[in-house]
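Reader: Can you walk me through this one? Keep it short.

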Amino acid sequence: MKFKSILLSTTFVLLALILFTNCSQSSTAGKDVKKAPATAGAPKSKDTVVAAPVTYPPLNKKLYDSLMKKLAHGDTTGRWPVKNAPYPLPGAILPFKRVVAYYGNLYSKKMGILGELPPNEMLQHLHAAVKEWEKADPSTPVQPALHYIAVVASGDPGKDHMYRHRMPFKQIDTVLYLAKKAHAIVFLDIQVSLSNIRTELPLLEKYIEMPQVNIGIDPEFSMKDGTLPGKKIGTFDAADINYVSEYLSKVVDKYNLPPKIFIVHRFTKKMVTNSKNIKLHKEIQFVMNMDGWGEPDLKTGTYRNFIYPEPVQFTGFKLFYKNDIKKAPHHMLTPQEVLKYKPYPIYIQYQ
């Protein structure tokens with residue numbers, strides 16, 4: 001019952017997040033987006049930041065295998081490391097580095113740390129978080145990242161009544177600009193709402209073609225039955241996830257890119273159905289990210305029940321600066337505490 005309670009609480013809190021505004025305000029999410037100013041110093045849309053082509057050395061398979069075994073953290077069940085997973089293409093980030101990402105949207109201070117603070121201050125905090133993880137696990141270098149919600153589930157239906165808003169390219173360009181300043185990679189996150197991933201993903205291809213840009217999808221806001229986002233927790237099936245993997249793989253092959261990191265958020269069983277049918281590719285590195293918030297015991301239970309027993313490839317862990325400390329003991333897990341989990345999360349996200 002206690003676990004059920006946090007799930008219900010999660011739904012209501014995330015509903016508040018996706019609506020962008022307080023209950024006392026009359027403006028909709030769509031109107032807020034139109035009013036929001038661009039970040040000072042950001043490049044114009046035509047100045048999209050593209051990383052220069054890089055030639056990567058061949059994959060060190062022996063080192064890769066040893067690091068995958070290390071990530072299993074002594075697991076003896078045979079689940080971890082995942083068997084028969086393909087070796088990634090050269091240039092793979094995981095498991096050679098741990099990714100530490102700041103999550104949010106530049107138009108909203110309520111959706112995460114990325115948009116809550118002024119850009120330079122936010123990057124300073126990200127740098128400090130990177131240092132904390134380097135100190136907690138000196139053997140694993142850290143790759144900073146900005147995880148930007150590029151398609152946002154909304155309380156405003158919009159012109160097509162899909163209850164989602166696509167962020168303008170000028171704001172995605174701003175994130176690329178900020179990421180370059182921080183030597184960070186970028187994740188573009190998609191909340192499809194009443195739309196679908198086959199419609200939304202191709203619209204971001206001009207960014208997916210960039211070697212520094214990766215993708216995340218959020219089952220929570222995939223409302224397949226027409227329920228409005230935030231009313232209940234949504235879902236993606238393995239078929240949806242495989243579509244994204246195959247799409248990313250084709251882009252990687254076409255443009256001779258390093259593997260894309262592909263994040264899927266999860267904190268309930270039904271958020272991801274038929275996970276055993278998820279297919280892996282050498283062109284992607286798949287991360288199932290534990291996305292639940294709450295006190296440490298509840299987060300531990302979520303990781304144990306919905307991440308550990310259904311291995312795909314890599315795991316992630318999300319930390320909430322505010323929501324994790326709402327209830328006693330009012331404590332957000334430290335890097336040292338997260339590193340007690342089995343397997344070790346290799347992707348860390350802060351909201």
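Author: Here is a quick tour, from the chain as a whole to one strand.

Author: This is a predicted model, where local features need pLDDT of at least 70, side-chain atom pairs count only at pLDDT 80 or more, and totals for chains, interfaces and linings use all residues. Residues are numbered from 1 along each chain as its sequence is written, and side-chain values use heavy atoms, with hydrogens and water left out.

Reader: How many helices and strands in the protein chain?

Author: Eleven helices and eleven strands. These are DSSP runs numbered from the N terminus: helices are H or I, at least four residues, and strands are E, at least two.

Reader: What share of the residues is buried?

Author: Of the 351 residues, 57% are buried. Buried means under 20% relative accessible area, with a 1.4 Å probe and protein chains only.

Reader: New topic. Strand β9: how many of its residues are buried?

Author: Seven of seven, across residues 284-290.

Reader: Which residues sit on which side?

Author: I284, F286, M288 and M290 lie on one side. Q285, V287 and N289 lie on the other, and both faces are covered. In a regular strand the side chains alternate between the two faces of the sheet.

Reader: Which way does β7 run against β9, parallel or antiparallel?

Author: Parallel, with seven bridges joining β7 (residues 260-266) to β9. Strands pair if DSSP finds at least two bridges between them. F262 has F286 in β9 as its bridge partner.

Reader: And how many bridges between β9 and β10?

Author: Four, also in the parallel sense, with β10 spanning residues 314-319. There, G316 is the bridge partner of N289.

How values were computed. Buried means under 20% relative accessible area, exposed over 50%, partly exposed in between (1.4 Å probe, protein chains only).
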